[in-house]
Each structure stands twice: as C-alpha cells, then as structure tokens.
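Please keep the sequence and the model open while reading.

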Amino acid sequence: MRGKPRVTATSREAERRGIAAGMALAEAKALVADLLALPWDEERIARAALEAVTAFLAASPRVSWEQRADGQGVWWVDAAGLGSEAKLADRLLTIATGLGFGPARAGIASSAIAAYAATFGRTVARARGRTGIRPRIVPPGGDAAYLAPFPVTLLDLADDLAETLRGLGLTTLGQLAALEADEVDARFGPEGLAAHRRARGLDARGPSTPRDDALPAVEVELGGPVATAEPLLFVLRGALATLGEALRAKGLAARELTLALQLDDGSTAERAVRPARATSHADTLFDHCRAALETWQLPEPATGLVLRAALTVPAAGEQGDLLAPRWADPAALAAAFDRIRGSEGSDAVAVPGARDAHLPEDGGSWTHGRTDARTHRNAKPSAAGLQTALRLLGAPVPVHVRLGRDGLAAFRHDDCWHDVTGWSGPERLAPRWWLGAGAVRDYYVTRTADGALWLLYRAAGGQWFLEGWLD
Amino acid sequence: MAVPNLQLAFPERLQRLVPGARRGLAFGIPALDAALPSGVPRGQITALSAPLGSGGTTLLLALAATTLVADEGVAIVDAERSLAPQAAAHLAALGPFWVIRPRSDENAWWCADVLLRTGAFGLVIVDRSPAPPRRVAVRLQRLAHDKDTALVIREASATGGTDGRTHGRTEMTANYGASVRLCVCASSSDFVPALAGWGGVWPAPRTLSVTTLKGGAPRAAEVVVGSPLPDRLRPHWAVRDRRAPQRADRRPQRKSRK
C-alpha cells in the first residue's frame with residue numbers, strides 16, 4: 001500500500017485469492033475479508049533490496065538495484081562471461097525465491113530495457129499465440145525487434161508524456177522507435193528522446209560494481225556534559241585513530257574534517273578542520289583538531305563528539321629516503337606549523353630572506369608562507385668566513401646619550417648606562433627621501449666596555465635611538 | 001653472486017645510520033670542533049652561555065649552517081624576536097630552515113616542544129629565552145632523545161652596565177640537565193679603516209673565546225669573527241668613490257639649547 005489506498009504488491013496467497021497490484025484497497029478487502037494490509041516501508045524495502053544484491057553477488061560480480069516508479073524493484077545483473085545465460089537466470093530466480101521475492105521474473109538481453117521486457121516475455125508470447133516458448137533470453141542484436149510489440153508504458157514515462165504519446169496513437173515501442181530521432185527531440189524534448197532511444201534498445205542503465213561511497217564518520221557519546229578540553233582531547237584521539245583506520249581501509253586521505261560537538265542544550269557546534277596536506281594519520285589530524293579546539297569558545301558543555309571526513313582524496317604514499325638521516329612527514333610538519341601559527345600568530349613561522357636596502361631594518365624580510373613556500377631570494381652565504389650576526393629590536397628604542405669631549409661617551413638603555421669605548425660614524429642614510437628631512441639618520445656603531453657592538457642612530461631632530469646590536 | 005660493498009659506495013651516509021658511529025653536530029669551525037671532539041650531542045640538551053653582543057648568535061648560525069649542509073632540518077626559536085632576517089637569509093638556501101618567532105618568550109618552550117615532536121629536525125635552537133622549569137626541561141630532553149634531535153639552549157644572560165646595574169635578563173643559574181655547557185665571551189675590537197683610501201672606520205674582527213664547562217675536558221677555543229661591512233659601503237669597480245675622508249675632528253655635536 002503506498003500513497004493512495006491501492007495495492008502495490010501482493011503475496012502469493014493473496015494473488016491466488018484474486019488480489020492484484022493496482023487494485024483499490026477497498027476492492028481488495030471486499031474480495032478477501034481477512035486481508036492483511038501493510039503500509040509501504042521504504043527503509044525495509046531498501047534493506048531487503050540490499051540483502052538481495054548481496055545474495056546475487058554470489059552469481060555475478062556486478063549487481064545493482066533500481067526501484068521503479070510503480071514500486072517494483074529491478075535488479076540489474078551482469079551476465080557477460082558467466083557461461084550459460086539460462087542457467088544464470090534460473091540461479092537468480094532460485095536465490096530470489098529463497099529470499100521471499102515471489103513471484104520473481106528474470107530476463108536476459110543486451111540492453112537493460114530489453115532485459116526488463118524479457119521478464120514479461122511469457123505473457124507477451126501467450127498474447128501472440130506462441131505458447132510453449134520461454135523467450136526470456138533475447139539474442140544479441142535483437143533488442144529493438146524484441147521490444148517492438150511491447151506497450152509504451154513499459155518505459156515508465158512521466159504521465160504527461162505518456163498521455164501525449166497515447167493521444168498521438170503511439171501505443172507500442174515499435175511505433176515510437178520508427179520515428180526520426182530529430183523529430184522526437186524537437187517535439188518531445190530530452191525526455192522524449194531518451195524514451196525513443198530506449199524503444200530502440202539503447203539503454204545506458206545496467207549493472208554496476210557495488211560501491212560504498214559513504215565517507216567515514218565516528219560518533220562518540222561523552223557520557224555527561226564536558227566543559228574542559230582535556231576529556232574532549234582524550235576522546236578525540238581515539239576517535240581520530242578509528243577514523244584514520246577507516247580512511248586507510250578505503251585508500252583515502254582526509255582533505256577536510258568536520259568536527260561537530262553536541263552541546264548540552266541540544267544544539268550542535270561545527271567547525272571545519274583542514275590539514276595543509278591530505279592525510280589519514282591520526283597524530284597529524286589530532287594536532288589540527290587540537291588547534292581548533294584550543295581556540296573554540298563553546299557556549300555550553302559538550303555531550304557528544306562527531307567526526308566526519310567531509311572531503312577526501314585518494315591517499316598518495318610518499319617514500320622516504322633509506323639513507324637520509326631523517327625523514328619528516330610533510331603532513332606532520334605542516335600540522336605542527338599550523339598549530340604554532342594558531343597559537344602564536346600567523347607570522348610566527350618564518351623563513352628569512354635578504355633585500356637590497358640601505359637601512360638595516362629594511363635589509364631583510366620574513367616570509368610567512370606554507371612549508372613549501374620558501375624564499376631564497378638574495379640569499380648568499382658569506383664568502384669571508386665567520387661574520388657577526390645582526391640583531392634588531394622590534395622597533396628602534398629612544399635612548400639617552402651622554403656626549404664627551406671625544407664624542408659619544410655613554411648611552412642609557414634598560415635603566416643602566418653603558419660606557420662607549422669606541423665608535424664609528426656618522427654614516428648618514430636617507431633612503432626614504434619622499435618622507436622629508438625627518439627620515440635622515442646618522443648611524444653609529446658603538447663599542448661598549450663589555451666589548452658589545454651596538455647600532456645607534458641620531459634622527460634629524462637630535463633624538464637618539466638604539467636599533468640593534470651585533471652578536 | 002658477490003654482495004656489493006655498499007660501505008665503499010656510500011660510506012658517509014651509511015655511517016649515519018649506525019648510532020654508535022654517529023658524531024654530534026659540528027660547528028664547522030676547526031678550532032671549536034677540535035675543542036669539542038664529540039660535537040653537539042644528538043638527543044641531548046646543550047647549553048650555550050653567551051652574553052648579549054658576545055657572538056652567540058654567530059656561533060649558533062654556524063652550527064645551523066653545518067647541520068643544514070648535512071641534510072638535516074634546523075629550526076630556531078627566536079624568543080626575543082630580534083634576529084635580523086638578513087643575518088640568517090643564507091641558511092634558507094641550504095636546506096629546510098625555519099625561524100619560529102613566538103608572541104612572548106614564555107611560549108618559546110611550547111614551540112620547541114611542538115617542533116621536537118615532529119621529528120623533522122636534526123637541530124632545534126632556543127635562542128634567548130627564560131630558563132625552562134625543571135619539568136619542562138625534562139620533557140624536552142626526553143623528546144630530544146626520542147627524536148634524536150640536538151636541542152641547543154642559548155641562555156639569556158645579563159649584560160652589566162657601567163653604573164653597576166644590569167639590564168636584560170637575570171643570569172640563568174637553573175640546572176636543567178644540559179649534557180654540554182659552553183661559555184662564550186668576546187674580546188674588544190678596535191675600529192680600523194674598512195677600505196683602503198677611505199677615511200671611515202669599521203669594527204675590526206674580534207676574537208670569541210669559547211670554553212667547554214661541561215661535557216668533556218675543559219678546553220678553550222678562540223674563534224675570529226669579522227663584522228660584515230654593509231654593501232652600501234663597498235666600492236664598485238665601475239663607480240668612482242666620491243666619499244670624502246672622515247675628518248678626525250668630526251664628532252657628534254651637542255644639541256644646542258635655545
């Protein structure tokens with residue numbers, strides 16, 4: 001029973017007592033007083049269909065299931081290269097009967113529509129007076145001819161198209177197939193053209209290899225409201241291990257995960273976790289998820305956790321070098337850097353580069369890219385042996401300077417005075433002339449009593465600044 | 001069929017695979033490597049006591065360069081965020097080299113922890129950070145041991161002012177289980193004419209004295225370090241140097257008071 005109160009399918013006993021599909025429920029109950037009518041259960045039917053697919057796989061490696069608009073189920077089974085087609089049909093019918101699918105029918109042909117029509121073959125043969133023949137097997141190349149006497153309703157057309165064809169007097173597939181494809185396309189559109197192709201025995205449907213396309217997911221109940229990160233991380237590690245195994249079993253690597261937390265008030269908070277590289281390693285995914293959790297302010301305690309692989313790619317193995325001193329998993333390295341960036345800021349991971357500029361503060365730059373976005377610009381190893389390295393304060397710091405008879409005598413920095421024992425300069429730098437006279441600086445390299453070399457400059461206004469030191 | 005003698009074919013790379021035959025990391029400075037024959041040990045903590053301006057950064061960058069040449073990754077945690085990029089730019093061309101610049105120096109140990117866990121680095125340097133708590137040091141030492149990574153900690157020691165005060169951080173006296181401890185001090189350098197025919201002066205090369213305080217027989221090595229002359233001061237063969245000689249009486253002037 002489905003939608004309107006009409007009979008959709010019957011048992012053998014009901015059929016024997018005169019109940020047929022399409023009959024009104026009231027009429028059926030009038031025929032059989034003790035009729036047991038069950039509602040149409042899609043989920044139950046899908047389960048039964050899957051069970052049948054599994055059983056049919058014992059007979060053929062390629063099986064698929066399709067449910068027609070009238071509620072009937074059709075299994076497409078690949079019969080190529082499996083020996084006797086008649087024996088295969090008998091075996092499939094035996095399996096279907098054993099599963100309780102009765103009365104089941106089988107037909108074999110080169111196209112799906114002809115095979116489906118062949119399941120009605122006996123009935124059609126009787127109508128044409130050729131009893132005693134079981135035309136369940138359509139010979140190769142004979143699909144169009146075999147389909148010709150069948151009614152157009154075999155195509156499971158939409159109501160308006162079926163009505164139109166009937167109005168034009170096109171009642172059989174042979175009449176439809178006899179039309180020109182261009183005319184059908186012009187008059188009935190793509191749907192009519194598809195029906196025309198099927199009427200000619202050209203059908204793209206067919207059996208396929210069963211696939212489990214569902215992406216792995218793990219769901220964990222926390223047992224009670226959790227307001228701190230530690231229990232969540234503990235559960236998360238185990239869930240990621242399970243998810244990683246499921247991904248590896250499918251030969252996949254996660255490009256994006258969805259981390260969903262079920263909250264105490266019944267709502268769900270979700271966050272996408274995107275590793276820099278697709279991976280199925282639980283430790284790497286854990287680092288990314290932990291970084292996401294550390295910056296996640298939850299309005300309510302969490303009661304459950306769901307991890308889903310939202311986006312996957314085929315796993316690509318990377319071979320390490322046997323003789324390399326160490327081999328780093330790029331995904332693990334990227335995860336570590338992402339974690340540091342998440343905690344310390346996007347500029348926390350940097351690769352140094354040099355620039356051709358006069359001002360010390362402009363002489364280099366940091367590149368804050370991904371792990372593979374490295375810069376080697378103007379990088380040149382020193383050819384003159386060991387050279388003192390320059391260190392720069394984040395911004396030049398104003399300092400007090402004491403001038404003596406011979407020039408610089410001392411400067412005060414961090415609340416203590418440093419005696420200057422030698423200095424070189426001034427070296428006037430004015431690289432940014434467009435900023436005006438204020439940009440001019442007189443640089444001095446000063447040596448203090450402890451031997452340290454400091455970089456000071458005097459701005460145009462006479463203010464002294466400490467910019468860095470040589471270390 | 002005779003087994004090919006792989007040891008003859010790849011002696012150096014094969015030797016790296018034998019733990020007992022592996023030497024520690026080298027500075028690439030003959031005098032210093034001779035004073036520290038076993039090198040900077042892998043899987044251990046090495047402490048470098050180098051006051052501000054004493055040349056500690058120079059030694060650390062030399063160690064990083066040698067490690068990178070040996071095909072191992074290097075990460076420097078610049079706790080003070082004061083390393084000039086141009087000073088370390090040449091290292092980026094040698095191999096996998098990253099500088100971690102945390103928001104504050106207290107987070108440097110957490111960054112070192114994350115880096116060590118990856119196992120991707122042969123050398124991790126924590127430069128000028130406060131002393132690690134004992135429990136943190138133990139964890140880092142275990143991580144370094146598990147990942148066979150050399151962890152070098154440059155102590156943030158104080159620099160004394162001439163008025164008796166000190167600036168910078170207090171002396172790091174905590175014992176955090178370093179297996180090797182080095183001390184660096186620099187000699188005072190003179191200012192000499194940097195270029196012939198130019199009156200300007202520039203700091204002359206100075207000598208760093210590196211002493212092994214722990215991790216072997218007490219030895220001292222002297223390393224000569226030059227001060228890089230900026231490119232802007234170098235003459236070009238095609239351009240005439242028009243700079244006037246520096247006058248001896250030219251000195252910073254007092255700011256006039258009105």
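A:P151 sits in the loop that connects helix 7 (143–147) and helix 8 (159–167) of chain A; helices (H or I, at least four residues) and strands (E, at least two) are DSSP runs, numbered from the N terminus. The model is predicted, and local features need pLDDT of at least 70, side-chain atom pairs count only at pLDDT 80 or more, while totals for chains, interfaces and linings use all residues. Residues are numbered from 1 along each chain as its sequence is written, and chains are lettered from A and ligands numbered from 1 in the order in which they are written.

With 14 other C-beta atoms within 10 Å, A:P151 is partly exposed; a residue is buried at 20 or more such atoms, exposed at 12 or fewer, and partly exposed in between, with C-beta atoms placed from the backbone. Leaving out residues up to four places away in sequence, A:P151 touches A:T171 and A:T172, where contact means C-beta atoms, placed from the backbone, within 7 Å. The C-alpha atoms of A:P151 and A:A199 are separated by 9.9 Å, and the two residues are 48 residues apart along the chain.

Ten strands form an open, mixed sheet in the order 8(A)-7(A)-3(B)-2(B)-4(B)-5(B)-1(B)-8(B)-11(B)-12(B); two strands pair if DSSP finds at least two bridges between them. Strand 8 (364–367) of chain A and strand 12 (220–225) of chain B each have a single partner strand, so one side of each is left without a neighbour in the sheet. Strand 12 of chain B runs antiparallel to strand 11 (residues 206–214) of chain B, and six bridges join them. Within this pair, B:L208 has B:V223 as its bridge partner.

In chain B, the axes of helix 4 (residues 56–69) and helix 5 (residues 85–92) come within 9 Å and cross at roughly 15°. That angle makes helix 4 of chain B roughly parallel to helix 5 of chain B, a term for angles under 35 degrees. Axes are lines fitted to C-alpha atoms, for helices over the stretch in contact, and angles run from 0 to 180 degrees between N-to-C directions. Helix 4 of chain B contributes B:L61, B:A64, B:A65 and B:L68 to the contact, and helix 5 of chain B contributes B:A87, B:A88 and B:L91.

B:A64 also belongs to the largest nonpolar core, of 102 residues, where B:A64 and B:I100 have the most contacts. Such a core is a set of buried Ala, Val, Leu, Ile, Met, Phe, Trp, Tyr and Cys residues joined through C-beta atoms within 7 Å.

Conventions:
Angles under 35 degrees count as roughly parallel, over 145 as roughly antiparallel, 65 to 115 as roughly perpendicular and the rest as oblique. Two residues are in contact if their C-beta atoms, placed from the backbone, lie within 7 Å.
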